[in-house]
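Dear colleague,

I am passing the structure on to you with this message, and I would be grateful if you could look through it alongside the notes below.

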Amino acid sequence: MNRKLFAIITLAILIILPATLAAADGAALYKAKCAMCHGADGSGMTPMGKSMKLRDLRSPEVQKQSDAELTKVTADGKGKMPAYKGKLTDAEISAVVAHMRTLK
Ligand code: HEC
């Protein structure tokens, strides 16, 4: 391959890749980190979710909580709910919270 073209492509990848990684994808994060307990649809109807008696994330009891409250549970954890502070960035946590709003 032409060296100059190769250099341009490499540079383009170096610039574009971090940008795509930085843009947190709430739906993908939810699927990867949360769905095993909360279910892809948020219902909590997974073997883990049932054994932990999870509330449906789409239910009014959960949805009436503010973004700040949902963010806090996600970041700090609660009971058997793992804390994601340090595992997810603040931007990723807000993307996941925004995704939970789309489940209802
Ligand atoms: C290991 C299973 C597990 C995983 C993985 C998990 N959770 Fe949870 N989650 C729980 C449990 C258990 C509770 C209930 C905690 C309680 O009320 O005692 C909970 C509660 C919650 C609540 C509060 C809902 C309510 O009932 O008010 C939110 C919001 C939440 N989780 C978000 C998330 C997000 C976002 C993720 C992924 C980043 C996630 N959870 C991953 C187990 C899990």
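What follows is a short account of the metal site and of a few side chains.

Please keep in mind throughout that this is a predicted model.

I began with the metal site, where the iron atom of the ligand is coordinated by His38 through NE2 and by Met81 through SD, at 2.0 Å. His38 belongs to helix α2 (residues 26-38), whereas Met81 sits in the loop between α5 (67-76) and α6 (90-103), so the pair ties together parts that are 43 residues apart in sequence. For comparison, the ideal angles for six octahedral donors are 90 or 180 degrees. As for accessibility, His38 is buried, with a relative accessible area of 13%, while Met81 counts as partly exposed at 22%.

I then turned to Gln63, which is found in helix α4 (residues 60-63) and is buried, with a relative accessible area of 13%. The side chain of Gln63 reaches the backbone oxygen of Leu57 at 2.9 Å, and, once neighbours within four places in sequence are left aside, the residues in contact with Gln63 are Leu57, Arg58, Met100, Arg101 and Lys104.

Lastly, on the aromatic rings, the structure holds zero aromatic pairs, although Lys87 lies over the face of Tyr84, at 5.1 Å from the ring centre.

Note on methods
Residues are numbered from 1 along each chain as its sequence is written. This is a predicted model: local features need pLDDT of at least 70, side-chain atom pairs count only at pLDDT 80 or more; totals for chains, interfaces and linings use all residues. Side-chain values use heavy atoms; hydrogens and water are left out. Rings of Phe, Tyr and Trp (its six-membered ring) pair if their centres lie within 6.5 Å; planes under 30 degrees apart count as stacked, over 60 as edge-to-face and the rest as tilted. A charge sits over a ring if NZ of Lys or CZ of Arg is within 6 Å of the ring centre and within 35 degrees of the ring normal. Helices (H or I, at least four residues) and strands (E, at least two) are DSSP runs, numbered from the N terminus. Buried means under 20% relative accessible area, exposed over 50%, partly exposed in between (1.4 Å probe, protein chains only). A polar contact is a pair of N or O atoms within 3.5 Å; within protein, one must be able to donate a hydrogen and the other to accept it, and residues adjacent in sequence count only if both atoms are side-chain atoms. Contact means heavy atoms within 4.5 Å. Donors are N, O and S atoms within 2.8 Å of the metal (3.2 Å for Na, K and Ca); water is not among the atoms, so sites may look incomplete.
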